Amino acid sequence: MGRRLAVLLLLATAGALIPASSAHAYRLFKHRWYSKTLTYYDATRGKYRAEIREAAKILNRSGARVRIRSASRKRARVRVSISSRIGSAGQARYRIPRNRVIRNAKILLRPDLAEQFITPAAARVGVTAIVAHEFAHVLGLDHENRRCATMNSQLWQHCRKPPVQWQYRCRVLERDDVRGLVRRFGGRIRSV
């Protein structure tokens, strides 16, 4: 009996020393986007054209089986526009029907987003991340505030800050964001 107890204690101690695998922290909404393609129309009059295209490109290369594509105003399911009436940097708006499948949405962005960042390069990456964050809301990702993610309720709130103030994060999506998209749409996580 003593030998069996010793073996159990040894196994329990060894198990405690093995690091636990990191749990996925992404959060999914109960609603979902109706397809694996999201078409958008850029109604920002060119103000954020480059950032919107870059956000779509990054999401398309994430490994998730979802495609973000530009379309005409008539064919697009998501309209991206500017509004100074929103309190946050960006906002995704849509109605959730009874079947919880969303077919149309609006993404609103503040006109002064670039002013929040110290350098033009940081502004480009930051605004791109804000657009990607809003696209991800439409696709079904919720805010995640337990670890570093683009889906933090405040941009990169739980991510390490650069050592010097003028430096900036160059990664738009984090692995956890992509895990959520892969969970929702299938695919494989590519290096981010």
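1. Let's start with arginine 27, which counts as partly exposed at 42% relative accessibility. The scale works like this: buried means under 20% relative accessible area, exposed means over 50%, and partly exposed is in between (1.4 Å probe, protein chains only). Keep in mind that this is a predicted model, where local features need pLDDT of at least 70, side-chain atom pairs count only at pLDDT 80 or more, and totals for chains, interfaces and linings use all residues. Residues are numbered from 1 along each chain as its sequence is written, and side-chain values use heavy atoms, with hydrogens and water left out.

2. What does arginine 27 form a salt bridge with? The partner is aspartate 142, and the closest N and O atoms of the pair are 3.7 Å apart. This pair links distant parts of the chain, since arginine 27 sits in the loop between α1 (2–17) and β1 while aspartate 142 sits in the loop between α3 and α4, 115 residues apart. Aspartate 142 is buried, with a relative accessible area of 18%. A salt bridge here is a side-chain nitrogen of Lys or Arg within 4 Å of a carboxyl oxygen of Asp or Glu, and the structure holds six of them. As a general point, side chains of opposite charge can pair when their charged atoms come close.

3. Arginine 147 and aspartate 176 meet through their side chains at 3.7 Å, N to O. Arginine 147 is in the loop between α3 and α4 and aspartate 176 is in helix α4, so this pair ties together parts that are 29 residues apart in sequence. Arginine 179 also bridges to aspartate 176, with the closest N and O atoms 3.6 Å apart. Those two are separated by about one helical turn, because they are three residues apart in helix α4. Aspartate 176 counts as buried at 3% relative accessibility, whereas arginine 147 is partly exposed at 24%.

4. Why is helix α4 (residues 175–185) described as largely enclosed by the rest of the structure? Because nine of its 11 residues are buried. Among them are Val178, Leu181, Val182 and Phe185. The buried residues of α4 pack against β1 (32–33), α2 (49–60) and α3 (120–139). Just after α4, glycine 186 takes a positive phi of about 85 degrees.

5. Stepping back, the chain has four helices and seven strands, in the order α-β-β-α-β-β-β-β-β-α-α from the N terminus. Helices (H or I, at least four residues) and strands (E, at least two) are DSSP runs, numbered from the N terminus. Of the 192 residues, 41% are buried. Contact means heavy atoms within 4.5 Å. Of the contacts in the chain with a separation of 6 or more, 70% come from residues 24 or more positions apart.

6. Some strand residues show who touches whom. Serine 81, in strand β4 (residues 78–82), counts as buried at 13% relative accessibility. Leaving aside its neighbours within four places in sequence, serine 81 is in contact with Ala43, Thr44, Ile107, Leu108 and Leu109. Lysine 106, in strand β7 (residues 105–109), is partly exposed at 49%. With neighbours within four places set aside again, lysine 106 is in contact with Arg79, Gln91, Ala92 and Arg93.

7. Have a look at the surface charge too. Arg45, Arg73, Arg79, Arg93, Arg95 and Lys106 gather in a patch of positive charge. Such patches are made of residues with over 30% relative accessible area and no salt bridge, with like charges joined within 9 Å and nonpolar side chains (Val, Leu, Ile, Met, Phe, Trp, Tyr) within 5 Å. Arginine 95, in the loop between β5 (90–93) and β6 (101–102), is exposed, with a relative accessible area of 77%.

8. Last, check some backbone angles. Most residues other than glycine have a negative phi, and most peptide bonds are trans. Arginine 45 is not a glycine, although it has a positive phi of about 60 degrees. Arginine 45 lies in the loop between β2 (37–42) and α2 and counts as exposed at 83% relative accessibility. Arginine 100 has a positive phi of about 60 degrees and is not a glycine either; this residue is in the loop between β5 and β6.

Definitions and conventions:
Areas by Shrake-Rupley, 256 points an atom, 1.4 Å probe, with all protein chains shown as cover. Lys, Arg positive; Asp, Glu negative; His and termini not counted. Charge placed at Lys NZ, Arg CZ, Asp CG, Glu CD.
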